[in-house]
Amino acid sequence: MIINFKGAKTYIGTGGKSLDNTKKTLCFLHGSGQNHLSFIQQARFFAYKGYSVIAPDMPGHGFSDGNPCKSIKENADWISDLLVKLKLKNVVVIGHSQGCLVALELNRILKSTLEALIFVAGSNEIPVNKFLLDLSKENPQKASQMMVTWGHGIDGDMSINKWPGHSHYGEGNNIMSMNKSTALRYDLHSCDDYSDGIDAAKNIKVPALAVLAKNDQMTPLKSGLKFVELIKNCETHTLDCGHFLPSERPMELNSIINSFLLKLK
Amino acid sequence: MSENYKFDTLSLHAGHIPDKETGSRAVPIYQTTSYVFNSTEEAASLYNMEVGGHLYTRISNPTVAALEQRLAALEGGASALACSSGMAAMHLVISAICSSGDHIVASSKMYGANINLLQHTMPRFGVNTDFVNPNDPEAIKKAIKPNTKLVFGEVIGNPGLDIMDVPEIAKICNSKNIPLVLDATFNTPYLMQPFKHGANIIVHSLTKWLGGHGIAIGGAVVNGGNFNWGDKDKFPTISGPHFALGGISFWEEFGPSALIAKIRAEGMYNFGPSLSPTNAFHLMQGIETLPLRMKKHIENTHSILDFLVKHEMVEWVKHPDLDTHPDHEVAKRILPKGSGSIVAFGIKGGREAGKAFIESVQLASHLANVGDAKTLLIHPGSTTHSHLSSEAMKEGGLTDDMIRLSVGLEDINDIKKDFERGFKAVKKLNK
């Protein structure tokens, strides 16, 4: 659905179902240079399971207008305000990559609204190398292509896809090219600048789930495992794939998330 | 470790990794119509397009999917869909994009069945086409109307071998927000990848060079993922609510793969032109050697061009790699590896000479296909167009002395010897 939010056209994927703010809401937060299409196989899946789903395109991403946020905190404030505007309660925040950092900040902001946190290919920090930061300014298309290549495991290299006929690389490059040209640069700098992850992780009081990827080259498994140790009682799973876990292992991820959600009161 | 594998490697590997259960190195042939659901919930997920997977082979199949993913990788597309023939692929694209009242701009120099579909069949369903010279970008621009929904052409025209200036035409289409759909059968992704030149959708007859062995009919649609379908007034059945799946917007839900998602949900579901898993396997076997074959096809083509151009019995030779071809400069720019292995030539002596030549060669096969590993010939004047007068053939861009040659992979000297046998028969006839 498209709404006018903070003076800009804002797109919010709802998984093909109407938004119902009386239900438990799953809020999917995309990663750097991505948009709602990162969660093609999660948004519809959970919307058809009876959850209310929102997968917003952050400003300047996907179908949303506006200028991209310049920090993780700004991203979190934007989401927090969006939840208020949509009158959503009982929200489970599901972040992928950069979306995990935004989720950590939302944990600080949201009070009773937040019911649980799910981190997919996440960490408490996402340092970005200078080469990629510079390239995202000089040649965002090239930077996107490199991220798509690094971000996928062997399924990307070999054009293997659970969705018949789809290509991780071809889809990934085109999804990233839908964003404003400055979106990736601001996202990567936001990640690189973020340094409050340790404190934020230690302060998590709601149930938490982390699903990590064995062959993750963007947020390496080692970093993810250190991250989950900071969170009290974080249920942790590791899948055999690359960073783009939602499209590389959709059924396994959905099954883990579904089981976790069923355990929530 | 991530790799950007190169074309030759992708031709062999893309779309398949040996499974842990059997270790089968070759892509298994999943000769099945249907798939057991683990639960009613899983079945519903597949029907609702919540997740990817297989529910019925008319819609998708694991062997066919391996072929599709290989094609997407080779073309650099977002997604692909394989179907029963190249013509099925073309119809799937048109029916996915156009509705009654819509308009198409198409090349006037295309394969007869492509022309027939657009000129005679689609108007019965309210979709009309204006045909224009594919070498004239300005004419294409002028032909575009407010209700034009796509521009269609062949990268290398069949049988005239006209070359479309793809980058120029793509610019026009892009400025009008209209997808450029190209039949790329004659070039294959080895010679030219149209998405790199701005095209949006590719259709292939896999029967030809991609399959390469004349044993299986198949087609494919490859989607570049580089077209914005967001104009709900122009593309209401892709970006607006569709009758399927509770009013789904394919554009919002699938973004770059919206077109393929729609074709699978509507075209394959309602029309059903599915590719058999066994044919998908055969076609993939062909693709494994595509780079090697195309290289040899081009080498042999260039050698036979030299032979024909110099031959006393040959009246004329047409191929875009010859500097006498009107589109030679465009061909050099967009097809630097070569402009395919179809050659048209005329034999001195007209229609009877052509007939005598065809009936005297032994190695080259006289048949209607192209793109086989074996050398193929046809003489339209005595076969496909024998009912037409010389004048009528000329109007269609053909001459009664014309031989269409699909250069194969045999030893080039054997092909030349075989042709000399044909020319000898023509000489006798001319005496």
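How many residue pairs are in polar contact between chain B and chain A, both at pLDDT 80 or more? The count is 19, a polar contact being a pair of N or O atoms within 3.5 Å, where within protein one must be able to donate a hydrogen and the other to accept it, and residues adjacent in sequence count only if both atoms are side-chain atoms.

This is a predicted model, in which local features need pLDDT of at least 70, side-chain atom pairs count only at pLDDT 80 or more, and totals for chains, interfaces and linings use all residues. Residues are numbered from 1 along each chain as its sequence is written, chains are lettered from A and ligands numbered from 1 in the order in which they are written, and side-chain values use heavy atoms, with hydrogens and water left out.

The contact (heavy atoms within 4.5 Å) draws 45 residues from chain B and 39 residues from chain A. Between the chains there are 2 salt bridges, each a side-chain nitrogen of Lys or Arg within 4 Å of a carboxyl oxygen of Asp or Glu. A:Arg44 and B:Glu253 form a salt bridge through their side chains, at 3.3 Å from N to O.

Chain B also contains an open sheet of 7 strands with mixed pairing, in the order 1-7-6-5-4-2-3; strands pair if DSSP finds at least two bridges between them.

| Helix of chain B | Reference strand of chain B | Angle |
|---|---|---|
| Helix 4 (residues 86-97) | Strand 6 | about 155 degrees |
| Helix 7 (residues 166-176) | Strand 5 | about 150 degrees |

Notes
Helices (H or I, at least four residues) and strands (E, at least two) are DSSP runs, numbered from the N terminus. Axes are lines fitted to C-alpha atoms, for helices over the stretch in contact, and angles run from 0 to 180 degrees between N-to-C directions.
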